[in-house]
Amino acid sequence: MLGGDPQLSGFEDPDEYGFETRAIRAGQPHDPYTGAVVTPISLATTFAQEAVGQPRHGYEYGRTGNPTRHAYQVCVASLEGAQHGFAFASGLAAEDALLRVLRPGDSLLLGDDAYGGTFRLIDKVHGNAGVQTAAVDLTAPEKIRDTWTPETRMVWLETPTNPLLTIFDIEAICSITHELGGIVVVDNTFATPYLQQPLALGADAVVHSATKYIGGHSDVVGGFVATNDDALADHLVFTQNAVGAVPSPFDCYLALRGTKTLAVRMDRHCSNAEAVVELLAGHPAVRSVLYPGLDDHIGHEIARRQMSGFGGMVSFRMHGGRDAAERVSAATKVFTLAESLGAVESLIEHPGAMTHASVAGSALEVPDDLVRLSVGLETTADLLDDLAQALTALD
Ligand code: P1T
């Protein structure tokens, strides 16, 4: 197998090993000449051929295939329990590659809370190409039947969703969608494969913004698709090469490096988020806290079933409306006011004005008293003190 030759790696069958071992070893053979334990950044854009049309090790041109990208693809595919993995230049590029299976006249059902850029891509780019979209409240999976038309091909969802942290029941949604003859795509960015593996629950494809927890350090933009569907994999191989939205070898190296520590980072993201939730839930300025780990979260039981932890993302609504939400977002010192999520440093933002401005006026519009936190890996007490002082500063 390319990039995973067992003789070179001493790592015969990655699937036998646990998550953390695969994150560190899958697809990453030791260098056959030096024994180097780190996959090199392979910069060559072209590869010498044995004879006309006969590449030596399967590589011919850097857009089509690259050894660093291959190692990263094998590794993250293994973590998602997938036979096939494809890296893209951004999360949206990965999404675009998947959406290109749809033809003009086809229809897509979209969970009614999702990243603003995803909605913009589906609505403005694929919408202009003739794909219809209907937003559906997937907390009631039976609504898929009510909204389904003969043109519907795909259900697309995030869980937990961005930014409302809604939980959708992947297994129930897949079972209804498959019965109706469609496919299900799950954006697993918030949960990561460490906390949730949608393919094992019936999803046909998983998509990631690797810019977030997979990269984990706010220094690489990337996207990923994992699937066990051979026809979808053929479409993705074709699209990755034909459209060319591939990540650079350096980007692949950074994302692969981040992946090695995904498990330990997620454990701390989860425990820091739980501490933050406890502080917010008892604060008089806070109207409600949105976190699937809370007993009274409407999706709590489903989250317990389909996730092994509740994640590092926390949203909350303020009693003081938009003004209070904007003021608290601008008043923290350890939490940085910025878009994005999933990295070592804690971030705070106002989704209505920032990440989700493009859903204003749509079925996906978010409340304007909402604040979103990406809880990072700093000292827990520093995070709590920082939020407490920002909330107190409102008085
Ligand atoms: O930014 P990019 O790598 O292209 O990924 C897009 C994307 C896809 N899916 C989800 C769930 C996302 O959250 C994102 C990007 N989100 C942000 C930048 C944000 O701050 O929410």
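The model is predicted, so local features need pLDDT of at least 70 and side-chain atom pairs count only at pLDDT 80 or more, while totals for chains, interfaces and linings use all residues. Residues are numbered from 1 along each chain as its sequence is written, and side-chain values use heavy atoms, with hydrogens and water left out.

**Helix α13**
- Helix α13 spans residues 321-329, and its buried residues are Gly-321, Ala-324, Ala-325, Val-328 and Ser-329, where buried means under 20% relative accessible area with a 1.4 Å probe, protein chains only, and helices (H or I, at least four residues) and strands (E, at least two) are DSSP runs numbered from the N terminus.
- Viewed down the axis of α13, these residues fall within an arc of 130°, so they line one face of the helix; the arc is that of the directions from the helix axis to the C-beta atoms.
- Among the elements covering them are β11 (313-318), β14 (370-374) and α14 (380-392).

**Thr-227**
- Thr-227 lies in strand β9 (residues 223-227) and is buried, with a relative accessible area of 0%.
- A polar atom of the Thr-227 side chain lies 3.0 Å from the backbone nitrogen of Asp-229.
- Not counting residues up to four places away in sequence, Thr-227 touches residues including His-84, Phe-86, Leu-199 and Leu-236, contact meaning heavy atoms within 4.5 Å.

**Cysteines**
- The structure holds 0 disulfides, a disulfide being a pair of cysteine sulfur atoms within 2.5 Å.
- The cysteine sulfur nearest to that of Cys-75 belongs to Cys-252 and is 12 Å away, too far for a bond.
- Cys-75 is buried at 0% relative accessible area, and Cys-252 also counts as buried at 0%.

Notes: Buried < 20%, exposed > 50% of the residue type's maximum accessible area, 1.4 Å probe, protein only. Polar contact = N/O pair within 3.5 Å; in protein donor to acceptor, adjacent residues only side chain to side chain.
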